[in-house]
Amino acid sequence: MSQDTRVDKVIAESVASDSNVVNQNSIVESKAKKERRKRSVAWDHFTSAVDSEGIKKGVCNYCKKEYLADTKEHGTTAMLGHIRKCKKIPCNVDTRQSKIEFQSVTGGNKGDVSIVSWKFDQEECRKALCRMIILDELPFRFVEKEGFKQFMKVVQPLFRIPSRTTVTRDCFDLFDEEKNKMRSIFKETQQRVCITTDTWTSVQRINYMCITAHWIDKNWTLHKRVINFCPISSHRGEDLAKGIVKCLHEWGLHRIFTVTVDNASSNSVCVAELSKQLTKWGTNLLGGKHLHVRCMAHIINLVVQDGIKEANISIERIRQVVRYIRQSPARWKNFQECCVDENLAKKSLCLDVPTRWNSTYLMLNRAIEYEGAILAYADRDIGLAHHLEFGHICVCDGDSDIVDEEQPVGSLLCSDWDSIKRIAKFLELFFKLTLKVSGSLYITSNIHFLEICQVGFCLSKLISSDDIVLAQMATNM
């Protein structure tokens, strides 16, 4: 029996020994399978590969040249030598080491630079790309254009260009980030903010409203930010007020100083409703007595529109001439030839729009500059005279016929040129005033008083002028 016991013990020890051998073999195999971390700089520019014969090789990421790369036999010396002489490698870039660059000194003299450290950062480059798309109003698919891809390969090959979907998401993330920063500033400072707003209808018949906030920080620096751009249900004053209140509540802006709008009747209703809401919030300064500020530039535009009605015939003739020339590519080409003959630069003729400030002045000013070219064009194209005399004419332009249907205004006379020259000189006063009060990077509410007084003095003087046209314009204004 003791003999059986000894046999069982020997068998157990043999089995245990075999088990240990198996465990040791598995550990060795697992270590063999686990790849050693590549510590050489060469692998930042090479990719490990195995050919059909099982030989390990390193492939250059730029020129695709292959080197034997078995670390036990060959090492990385050959690959490191290739990095120094490869012509396609992007300036031997080492992403782990900071570089230095020269930047222009803000507020310094021309040519002043400072040395700063720089290191490639994929995320920062993506943010810069989003800012470029937003500032330049580029489409999101811009990043997928072949020209942009080739440009980035030359400028920074390390930058991985994101897709348009990713760029769209990054732009929204950037917006949320900046919005949170602005909300934090408004919450910390608790200062009063002025807002301006305007509405319009797109060609798709969709109503839009834009709200801009203006404020001065603790360093007395004026800031301007668009805080909302959204569709609205209608242009009714109540609906406008609801949209503004919703925007202010979203931004945490309850301390409003003034609201600047144009002279539409719906805006008066809007400001009245907004004043009631500010009273509920307990932030309505002086009961809203000075909350409503009317846009000075819009008032000037209305004054000018009333004044030019008296000289409408001369202005209308110039307007019809400009519209006639701009209406056809063939006419425009003929007009450019006239500009060359008159030694004038090839600039576009301006056509005024009633809702655009100063557009009538710009149209007249450009027409006066190109008076010689317009007269030369009138001699070449008999259709222009027929258009002014009869109001409509059918002109064959290539494969299509262009039909102008306008009210007859009569021929453009020398007296009309004299008239619009006097009118343009008169409107220049309003042009400069509009530019001054339309500034957005400086305070405008306290700088236009002297100019308004000057305009009033000139109007009073022109009312008694011998020039009947200007006297009537000044009276209407």
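The residues lining the second largest pocket split into 13 nonpolar, one polar and five charged. (Ala, Val, Leu, Ile, Met, Phe, Trp, Tyr, Cys and Pro count as nonpolar, Asp, Glu, Lys and Arg as charged, and the others, Gly among them, as polar.) This is a predicted model: local features need pLDDT of at least 70, side-chain atom pairs count only at pLDDT 80 or more, and totals for chains, interfaces and linings use all residues. Residues are numbered from 1 along each chain as its sequence is written, and side-chain values use heavy atoms, without hydrogens or water.

**Second largest pocket**
- Its volume is about 930 Å³.
- Of its 19 lining residues, Ile134, Leu174, Phe175, Glu178 and Val226 are the closest to the centre.
- A pocket is an open set of points on a 1 Å grid over the protein atoms alone, where a 1.4 Å probe fits, with protein on both sides within 12 Å along at least five of seven lines; lining residues have an atom within 4 Å of a point.
- α5 gives the most to this lining, with seven residues.

**Largest pocket**
- The largest pocket has a volume of about 1300 Å³.
- Among its 35 lining residues, Thr196, His214, Thr260, Gly439 and Thr444 are the closest to the centre.
- Its lining has 17 nonpolar, 13 polar and five charged residues.

**Ser234**
- Beyond neighbours within four places in sequence, Ser234 is in contact (heavy atoms within 4.5 Å) with Asn207, Asp239 and Leu240.

Methods
Grid points are joined across faces, edges and corners, and a volume is the space filled by probe spheres set on the points. Helices (H or I, at least four residues) and strands (E, at least two) are DSSP runs, numbered from the N terminus.
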